[in-house]
Amino acid sequence: SVKRLDVPRLYSCKQCKSHLAAFDDLISKSFHCYHGKAYLFGTVVNIGALPSEDRLMTTGLHTVSDIYCTACNQIIGWKY
């Protein structure tokens, strides 16, 4: 089931608008990826993770997992 956050400001899935994180859970907007800006959150909801893989990022080789919205399966980012 999709969790709804009871907060005044939040981040949501661009595709289906499911809640992903409270505004106050944003840690940093100072990250960049090959596709543009990336945000770092302390806590997120309604996400699933694909298997981990080594990926060459702008800061070197990192082991990451792509994450997706569990409501619509849209890839929304990655986690370390």
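1. Strands, like helices, are DSSP runs numbered from the N terminus; a strand (E) has at least two residues and a helix (H or I) at least four. With that in hand, look at N73, which sits in the loop between β7 (60–69) and β8 (75–79).

2. A word on what you are looking at: this is a predicted model, in which local features need pLDDT of at least 70, side-chain atom pairs count only at pLDDT 80 or more, and totals for chains, interfaces and linings use all residues. Residues are numbered from 1 along each chain as its sequence is written, and side-chain values use heavy atoms, leaving out hydrogens and water.

3. Back to N73: phi is positive here, about 70°, although the residue is not a glycine. N73 counts as exposed because its relative accessibility is 54% (exposed means over 50% relative accessible area, buried under 20%, partly exposed in between, with a 1.4 Å probe and protein chains only).

4. Now turn to N46, in the loop between β4 (36–41) and β5 (47–49). Phi of N46 is also positive, near 60°, and N46 is not a glycine either. Is N46 buried or exposed? N46 is buried, because its relative accessibility is 8%.

5. Finally, find S28 in strand β3 (residues 26–33). With a relative accessible area of 16%, S28 is buried. Which residues does S28 touch, leaving aside those up to four places away in sequence? They are A38, Y39 and L40, where contact means heavy atoms within 4.5 Å.

6. One more detail of S28: its side chain reaches the backbone nitrogen of S30 at 2.9 Å.

Terms used. A polar contact is a pair of N or O atoms within 3.5 Å; within protein, one must be able to donate a hydrogen and the other to accept it, and residues adjacent in sequence count only if both atoms are side-chain atoms.
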